[in-house]
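Here are my notes on this chain. Please read them with the model open.

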Amino acid sequence: TTPDGRLNANGTAGGTIARTLVLANNGTAPLTEVKLSETAPSGWKVTYEPPTVAAIAPGEAVNVTANIAPAGSAVAGDYLVTFRATAKESTNTDVQIRVTIETSILWAIVGILLIVAVLAGLGWVFQRYGRR
C-alpha cells in the first residue's frame, strides 16, 4: 500500500514520479529477501530505493520509494502500474497504482503564442492593406 492510502500518482511524460510504497508483514514469521518488481506500460522504467529489503519482522512495515519514469512519448491519460513484492516465505502480493500523465504546460504556452502571432499578423495585414 502507500502511507496515505492513495493508489494514484501524477506526472508528466519523460519526467520522474516518486511514490512511496509500504511493505507490511501481517504474518507471524519474518519475511526475508523481499524483492520488488512491476508490470508497467511499454517504454516505462521503474527503480526502487532500496531495490530489495533484507528482512521484515512480523507486524512491521518498511517504506520503499518507487521512482516511475514514464516514456517521453506517453500520451496524456491514465495508466496502470502493478507493483509486486516477493519474499521466499510468502506468495506474491501486488497492488495497482493508477498513474495520470498530464500535458506539459509548455504546449499551452506554445499554443497561446501561436494564436497571438496569428492575430498580430492579421492586424498588420488589415492595417497595411485595409479598405481602399
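1. Basis. This is a predicted model: local features need pLDDT of at least 70, side-chain atom pairs count only at pLDDT 80 or more, and totals for chains, interfaces and linings use all residues. Residues are numbered from 1 along each chain as its sequence is written, and side-chain values use heavy atoms, without hydrogens and water.

2. Elements. The chain has one helix and eight strands. Helices (H or I, at least four residues) and strands (E, at least two) are DSSP runs, numbered from the N terminus. The order along the sequence is β-β-β-β-β-β-β-β-α.

3. Overall shape. The C-alpha trace spans about 90 × 25 × 20 Å along its principal axes. The radius of gyration of the chain is 24 Å, while a compact globule of 132 residues would have one near 14 Å. That radius is taken over C-alpha atoms, and the globule rule is 2.2 Å times the number of residues to the power 0.38.

4. Contacts. Take contacts (heavy atoms within 4.5 Å) between residues at least 6 apart in sequence. Of these, 61% join residues at least 24 apart.

5. Burial. Buried residues make up 25% of the 132 residues. Buried means under 20% relative accessible area, exposed over 50%, and partly exposed in between (1.4 Å probe, protein chains only).

6. Gly-5. Where is Gly-5 found? Gly-5 sits in the segment before strand E1 (8-12). Gly-5 counts as partly exposed because its relative accessibility is 47%. Its C-alpha atom is 9.6 Å from that of Val-22, 17 residues apart along the chain.
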